[in-house]
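Please examine the structure shown below.

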Amino acid sequence: MGIAGSDVSKEAADMILLDDNFASIVTGVEEGRLIFDNLKKSIAYTLTSNIPEISPFLFFIVLSIPLPLGTVTILFIDLGTDLWPAISLAYEKAESDIMLRLPRDPQKDRLVNERLISVSYGQIGMIQLQLDSSSTL
């Protein structure tokens, strides 16, 4: 309790309510879940969109194929095309069942986990790579 609580209790607490309203806890948990979900979506988008950008460098290293674009050019393209969609994913509204979910396990439910990487790089990234390579033919 931020207003009525003593200084000793404020120092020992994990959370301090500044307005002495317990509904603030629910709002804080909802905002935290929303931020976690939106960060996960932004990271998945960024990982997925980087596969077609990394593949020319891998072909250059492995197969000695000349680079179609320079590194600075690819960085500028990445900055111009990936920045705005990733930011828009960060500002998405909360899903309707966000407060019906169980609390996440901090040991298992991480921001970047094996499933996110495998889906981003292994499935969606390869599909996007195929679509990008077929459109340049």
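H2 and H3 run roughly antiparallel (an angle over 145 degrees), since their packing angle is about 160°. This is a predicted model, in which local features need pLDDT of at least 70, side-chain atom pairs count only at pLDDT 80 or more, and totals for chains, interfaces and linings use all residues. Residues are numbered from 1 along each chain, and side-chain values use heavy atoms, without hydrogens and water.

**Packing of H2 and H3**
- Helix H2 covers residues 23-63 and helix H3 residues 71-90, with axes 9 Å apart; helices are DSSP runs of H or I with at least four residues.
- The two helices make a right-handed crossing.
- Residues of H2 in contact (heavy atoms within 4.5 Å) include Tyr45 and Phe57, and those of H3 include Ile74 and Leu89.
- By class, this contact has seven nonpolar, seven polar and four charged residues.

**Shape of H2**
- The 41 residues of H2 should span 60 Å at 1.5 Å a residue, which agrees with end C-alpha atoms 60 Å apart.
- H2 has a kink of about 35° at isoleucine 51, shortly before proline 52.

Definitions and conventions:
Axes are lines fitted to C-alpha atoms, for helices over the stretch in contact, and angles run from 0 to 180 degrees between N-to-C directions. Angles under 35 degrees count as roughly parallel, over 145 as roughly antiparallel, 65 to 115 as roughly perpendicular and the rest as oblique. A crossing is left-handed if the near helix is turned anticlockwise from the far one by less than a right angle, and right-handed if clockwise. Ala, Val, Leu, Ile, Met, Phe, Trp, Tyr, Cys and Pro count as nonpolar, Asp, Glu, Lys and Arg as charged, and the others, Gly among them, as polar. The expected span of a helix is 1.5 Å times one less than its number of residues. The bend at a residue is the angle between axes fitted to the seven residues ending there and the seven starting there.
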